[in-house]
Amino acid sequence: MKNAIRNIQARQQTLLDLLKDDQAHTVKALSLSLKTSETTIRRDLASLARMGKVNRSHGKAKISKTGLEIDKCDNQNIEVIKEALAKTAASFVKNGNTVFINSSSAALDAVKYLIHKQVTIITNNVKVAALDHNSESSVFLSGGEVRFPKEALIGQSAQAFFEAIQADIAIIGCYGISAERGLTTPVIHEAKINEVIVKQTRGIVICIADYRKIGESANFKSCDLSYIDYLITDTFSNPDKLKKIEDCGVNIIQIQV
């Protein structure tokens with residue numbers, strides 16, 4: 001599986017290199033250049049287009065200048081990736097589980113895929129109240145101060161709430177994840193809540209992080225990588241940075257979007 005992902009990454013990078021001449025290339029020509037099927041080329045181009053890296057039209061593709069830098073990828077494409085990662089994370093949750101969800105939007109997305117399971121959700125994310133839930137499920141919000149615009153509950157009350165509970169599984173997002181600093185966030189109060197969440201989880205801890213967050217770091221540390229069982233990310237993530245994270249004992253799942 002890992003070799004297959006690396007092959008996809010290498011092929012897609014070769015495609016981008018071919019397209020850097022700023023000319024429109026046909027699918028057939030790209031297929032011949034890479035010695036692979038036109039179906040595979042179309043699939044790769046579709047994936048790169050969702051990332052904003054290429055523009056497609058009538059069997060042709062051209063480099064997207066606005067998509068050459070990661071931080072210029074538009075929000076719609078990022079949402080597609082986040083939804084795919086969240087769906088995979090939710091698949092780990094079993095009927096009857098108690099689930100910690102932190103304040104990240106990526107973790108919250110996973111809740112939408114739990115609607116067919118009877119679970120207990122424990123979170124400091126106020127936005128959970130706006131989602132649809134299984135009628136047999138329970139949702140508990142921690143107390144604490146509401147931090148806007150994220151609508152996250154923080155402070156000593158929220159921290160004490162999580163300290164009194166154990167969960168079977170935790171699904172958390174982050175600002176950045178790296179081998180050097182673990183999980184980090186720019187908000188100290190959220191870092192403290194995240195730290196309690198991972199320590200109070202008796203089963204697996206899953207981190208959802210798209211390619212923009214791999215190898216990144218913020219001011220405040222939530223936890224070491226030793227607390228993270230699985231990292232769910234996409235195939236656009238930097239392979240060298242992922243290898244360093246994997247060497248720290250984290251199981252990595254990459255989703256092709």
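Is Asp168 buried, partly exposed or exposed, and what is its relative accessibility? Select it and have a look: Asp168 counts as partly exposed, at 23% relative accessibility. Keep in mind while you click around that this is a predicted model.

**Stop 1**

The Arg202 end is exposed, with a relative accessible area of 59%.

**Stop 2: the β9 strand itself**

Of its 7 residues, 6 are buried, so the strand is largely enclosed by the rest of the structure. Show β12 beside it: 6 bridges join the two strands, which run parallel. For a landmark, pick Ile169, which stands opposite Ile204 in β12.

Then bring in strand β4 (residues 98–101), which runs parallel to β9 and is joined to it by 3 bridges. Here the landmark is Ile101, standing opposite Ile171 in β9.

**Stop 3: helix α8**

Next, select residues 239–247, which make up helix α8. How far apart are the closest N and O atoms of Asp247 and Lys243? They are 2.9 Å apart, and the two residues form a salt bridge. Asp247 and Lys243 are 4 residues apart in this helix, so about one helical turn separates them. As for accessibility, Asp247 counts as exposed at 54%, while Lys243 counts as partly exposed at 38%.

**Stop 4**

Which residues do salt bridges with shared partners join into one network? Select Glu83, Asp109 and Lys112 to see them together. Zoom in on Lys112 and Asp109, whose closest N and O atoms are 3.4 Å apart in their salt bridge. Asp109 is buried, with a relative accessible area of 8%. Lys112, on the other hand, counts as partly exposed at 36%.

**Before you close the viewer**

Terms used: Residues numbered from 1 in each chain as written. Predicted model: local features only at pLDDT ≥ 70, side-chain atom pairs only at ≥ 80, totals over all residues. Heavy atoms only, no water. Salt bridge = Lys/Arg side-chain N within 4 Å of Asp/Glu carboxyl O. Buried < 20%, exposed > 50% of the residue type's maximum accessible area, 1.4 Å probe, protein only. Pairing = 2+ DSSP bridges.
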